[in-house]
Each structure stands twice: as structure tokens, then as C-alpha cells.
Amino acid sequence: MRPVNFKKSVSSNKLNLISFISLLLISLIINGNAVAAEWTIIHAGKLLSVPGEPVLTEKSIVIKAGTIERIVDGYIKSTELGAVKPEDVSLIDLSDFFVLPGLIDMHTHLSLEITPRLRYEGVERSQAYRALRGARNAKRTLDVGITTVRNVGGGQEMLALRDAIAENLVIGPRVFAVGGGIGVTGGHMDTHGLLPEVTDLIARPEICDGVAECRHSARLLIRKGADHIKIATTGGVVSESGAGLNQQMFEDEIKAIVDTAHSMNRKVAAHAHGLDGINAALRAGVDSIEHGTFLDKESIRLFKRNDVYLVPTLLAPALLGAKMLGENSPLPLPQQKKARLAMTRAKTYARDAHKGNVKIAFGTDAGVFPHGMNTKEFRYLVEWAGMSPMEAIKTATVNAADLLGQSETLGTLSVGKYADLIAVNGDPLADVTELENVKFVMKEGVVYKNDNKSD
Ligand SMILES: [Zn+2]
């Protein structure tokens with residue numbers, strides 16, 4: 001926004017007030033009701049305030065300025081908040097609902113959509129276009145109950161989208177962004193299939209070879225404003241390369257990135273399918289393995305020894321497996337081969353990890369399939385990974401907040417944390433697919449969805 005050309009006689013105080021009011025108006029126009037009431041009371045019929053602990057009944061959650069101020073027994077009235085005027089309190093009746101913390105998806109690609117022209121994105125679609133596409137997808141994601149994401153793809157556009165959401169210019173989940181993934185030349189994160197001179201123009205600046213370059217890539221991303229660092233230590237299914245799913249980044253390169261990131265207070269998420277690339281990443285000290293398809297007993301030992309999370313992404317193979325492997329597969333042969341390989345382990349690898357007591361956080365890979373289906377991941381955590389519904393819910397709340405390093409503000413409904421909460425009609429602990437039909441979404445005290453009727 002360009003500064004308005006005010007007369008010099010207007011005092012700076014007035015100017016501030018005018019700018020503030022116009023900003024407020026603009027944000028109201030763009031966002032409708034994105035300003036939280038100062039005080040809100042929610043009557044929760046059933047309340048899972050801390051996933052892993054017993055469900056509570058008939059509680060009132062008192063929210064002040066987007067943060068949980070207290071949780072009390074019974075349904076209190078707006079007149080019962082002491083000095084607060086009742087007309088300043090908004091009351092939300094969720095007494096027929098099951099209320100739980102807002103969900104956290106640790107593996108999204110908000111600005112990505114897989115199209116047949118994916119390899120031309122860099123020359124056909126501007127960062128601005130991708131940011132806008134991401135904004136559309138962000139709203140869809142929040143609408144299904146995901147109130148926070150760790151976005152592990154995209155570039156500069158995702159840093160802009162993160163900031164725009166935080167400033168209420170755009171509706172979406174709270175975003176922690178990597179601002180670009182680090183991979184090796186010709187590897188999973190690189191651009192494939194274009195003339196070398198075109199590739200040189202659009203290749204990611206974070207592509208690196210060798211210890212010095214890889215350190216530089218991590219520092220470059222941190223300078224740009226990355227919250228976390230994402231690397232690819234192995235090949236990936238969707239990259240347009242016949243390089244397979246095995247290790248691509250050497251252990252000294254991984255360690256260089258991990259040490260750099262940790263020295264600057266960033267965690268490292270490693271995309272890894274092949275066993276060699278999983279174990280190299282675990283030995284090098286990454287904080288999470290994304291996918292982890294071919295993990296084995298030694299991996300499980302390393303996960304536990306180094307206190308590393310697995311973020312299995314089961315929905316992508318569940319939704320795309322049949323399509324990718326069918327007779328009319330849209331994928332070129334090398335990708336079909338990789339998809340077929342990954343599918344052989346899709347139903348079992350997370351089960352092995354869970355049985356072996358590896359810590360698991362919720363991630364979906366949304367963007368590889370259409371956005372807004374994220375909560376379907378829960379059924380596969382139960383069916384394929386063998387979790388109880390409670391364990392599955394923990395992955396998307398308590399565990400995800402821990403992996404984000406945000407347990408002080410996210411992951412449970414507790415005093416002092418953000419009022420990020422959702423509600424469903426039935427009991428998700430009896431049937432986890434209840435989470436595929438979220439009726440109420442609040443983020444930081446602001447209501448974004450309220451289908452407040454039982455059915
Ligand atoms: Zn991914």
C-alpha cells in the first residue's frame with residue numbers, strides 16, 4: 001500500500017490513528033470477520049483438551065484476545081466473567097459437539113498443484129500467481145480443521161503467504177515455511193527435462209553439491225526467512241527423473257546442512273524414501289524423516305536413539321496409488337516405476353515404525369493430491385499404521401506441536417495457549433473419520449467455520 005499524501009499540518013498522532021483505522025477497515029473488507037472478539041466463552045459438551053488424557057464433559061472455555069484464559073466446569077454465563085461487561089463477551093454453544101485442539105499438518109505444499117505442465121511452472125507461472133493459488137488452498141485447508149501447517153515446499157511465495165496470513169490479509173492456517181527445499185544437482189528437488197540453458201534460468205538457488213555449497217544453501221534460506229529447513233536425501237516419486245528412490249545427498253552434505261541449521265536454531269526435515277538415505281539422514285542428526293518408506297530395524301533404532309520424528313504421508317499413496325499404477329497412468333514410465341516401488345511399502349512402513357515406538361507426527365503431502373482432504377489421513381493412521389484414534393489425534397496435535405518446537409502455544413487446549421480449536425458432531429475416538437467432517441473451526445479466537453447444528 002502506498003502512503004497517503006497527507007497535508008503536513010496533520011500531526012503524526014492523528015496520522016497514526018488514520019492509518020490504523022484505514023488498515024482496520026481494509027482488513028475487515030478483505031476478511032469479513034477476522035477480528036477476534038475480546039472475550040469469548042465456548043460451551044463444550046465433550047472436550048479433549050489434551051489428546052492422550054481423558055475426555056472432559058460440560059466445560060466452558062474462556063478465551064481472551066485469541067488465547068485461552070481459563071477452562072472451567074459447567075456452562076458459565078457471560079455475566080460470570082467478573083469485571084467484563086456481558087455485552088463484550090461472545091458466547092458460542094458447542095454443547096452438542098466434541099471439541100478438540102485445532103489440527104496441525106506437518107507436510108503440506110500449499111502453493112503446489114500437480115498438473116501435466118508441472119515442469120514448465122518455473123517459466124509459465126510467476127511467484128505472484130503461485131502465492132495467490134496458495135491463498136486459495138490455504139482457505140480450503142483451514143476449512144477442514146487444519147489450523148497450523150508446516151509447509152515443506154514452494155519458495156519465496158510461501159514466505160509471503162505465511163506473512164499475509166499472520167497479518168490477516170488472507171484466510172488460512174498458521175504457516176511455518178521452509179521457503180524452498182535443498183537438494184542436489186539432478187536430484188529430487190531439481191528441475192528436470194528442460195534445456196540446460198532454460199534450467200539454469202529457473203533452477204532453485206538452494207540446489208547444492210558438497211559441504212560448502214550445502215551450508216550456503218541452508219544459510220541462504222535462513223536469510224530469506226525460513227522457519228525450518230527441508231532437504232531431500234533421496235529421490236522422490238513425482239520428480240521427473242529416472243534416478244530412483246535411493247540416496248542422493250551424501251552424509252557429509254546432510255550433516256553440513258543439519259549443523260548449520262541447528263546452529264541458527266532451525267530444525268531439519270528430510271524427505272527420504274530409500275533405506276540408505278533414511279539412515280544417512282538419521283545418523284546426520286535431522287529432526288524428522290518425511291515419508292520414510294523403506295525404513296528398517298536399524299532405522300527404528302536410530303529414530304529412537306536420536307529422538308527423531310517420522311512424518312509418514314499415507315494419504316498420497318492411498319489416494320493416488322491406484323491411479324498412478326493403473327493402465328491409464330498419467331505418469332511417465334520412470335515415475336510409474338518409482339510409484340510402484342513405493343506402493344509395495346505404503347501399507348506397512350508406518351505400522352513397523354509405530355510398533356517399534358518411533359514418535360510419529362501427522363503429515364499428508366497435500367498438493368500432491370487436491371488440498372482440503374487432509375483429515376482423511378487419520379483413517380490410514382488407524383487402518384494402515386495400526387494406531388488407536390487417540391494415538392492418531394495425538395500425532396496431529398501434541399506431537400506435531402513438539403516437532404514444530406511450539407508446544408508452549410500449540411497442540412493442546414490449555415491456559416495460555418492459542419485458542420485454535422475445532423468441533424465435530426460424533427466421537428472421533430470411536431470413529432476417527434468423524435474428523436473428515438469438521439463443523440466448527442476457530443483459529444486464535446476467530447471463528448472461520450460454524451456449521452453449528454447437530455445432524
Ligand atoms: Zn512432500
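**Strand order and helix packing**

Trainee: In what order do the three strands of the open sheet with parallel pairing stand?
Mentor: This is a predicted model, in which local features need pLDDT of at least 70 and side-chain atom pairs count only at pLDDT 80 or more, while totals for chains, interfaces and linings use all residues. Residues are numbered from 1 along each chain as its sequence is written. Strands (E, at least two residues) and helices (H or I, at least four) are DSSP runs numbered from the N terminus, and two strands pair if DSSP finds at least two bridges between them. With parallel pairing, the open sheet of three strands has the order β5-β6-β7.

Trainee: Which strands of this sheet stand at its edges, and by how many degrees are neighbouring strands turned on average?
Mentor: β5 (103-108) and β7 (174-177) each have a single partner strand, so one side of each lacks a neighbour in the sheet and these two are the edges. Angles between axes run from 0 to 180 degrees between N-to-C directions, the axes being lines fitted to C-alpha atoms, for helices over the stretch in contact.

Trainee: Which residue of β6 is the bridge partner of aspartate 105?
Mentor: β5 and β6 are paired in the parallel sense by four bridges. Across this pairing, the partner of aspartate 105 in β6 is valine 149.

Trainee: Which residue of β7 is the bridge partner of arginine 150?
Mentor: Strand β6 (residues 146-151) runs parallel to β7, and four bridges join them. In β7, arginine 150 has as its bridge partner phenylalanine 176.

Trainee: Are the residues of β5 buried or exposed?
Mentor: A residue is buried if 20 or more other C-beta atoms, placed from the backbone, lie within 10 Å of its own, exposed if 12 or fewer do, and partly exposed in between. β5 is largely enclosed by the rest of the structure, because six of its six residues are buried.

Trainee: At what angle does helix α4 run to β7?
Mentor: Contact between two residues requires their C-beta atoms, placed from the backbone, to lie within 7 Å. Helix α4 (residues 156-166) lies across β6 and β7, and its angle to β7 is about 150 degrees.

Trainee: What is the average twist of the open sheet of seven strands?
Mentor: The order of this mixed sheet is β3-β2-β1-β4-β14-β15-β16. Its edge strands, each pairing on one side only, are β3 (67-73) and β16 (446-450). From one strand to the next, the twist averages 25 degrees.

Trainee: Which residue of β3 is the bridge partner of lysine 64?
Mentor: Strand β2 (residues 56-64) and β3 run antiparallel and are joined by six bridges. The bridge partner of lysine 64 in β3 is threonine 67.

Trainee: How are α7 and α8 oriented to each other?
Mentor: The axes of helix α7 (residues 251-263) and α8 come within 9 Å and cross at roughly 40 degrees. Glu251, Ile254, Lys255 and Val258 in α7 meet Ala280, Ala281, Arg283 and Ala284 in α8. Angles under 35 degrees count as roughly parallel, over 145 as roughly antiparallel, 65 to 115 as roughly perpendicular and the rest as oblique. The two helices α7 and α8 are therefore oblique.

Trainee: How are α8 and α9 oriented to each other?
Mentor: Leu275, Ile278, Asn279, Leu282 and Arg283 in α8 meet Glu298, Ser299, Leu302 and Phe303 in α9. The axes of α8 and helix α9 (residues 297-305) come within 9 Å, and the crossing angle is roughly 20 degrees. Helices α8 and α9 are therefore roughly parallel.

Trainee: How are α10 and α11 oriented to each other?
Mentor: Pro317, Gly321, Met324 and Leu325 in α10 meet Gln336, Ala339, Arg340, Ala342, Met343 and Ala346 in α11. The axes of helix α10 (residues 315-325) and helix α11 (residues 333-346) come within 10 Å and cross at roughly 135 degrees. Helices α10 and α11 are therefore oblique.
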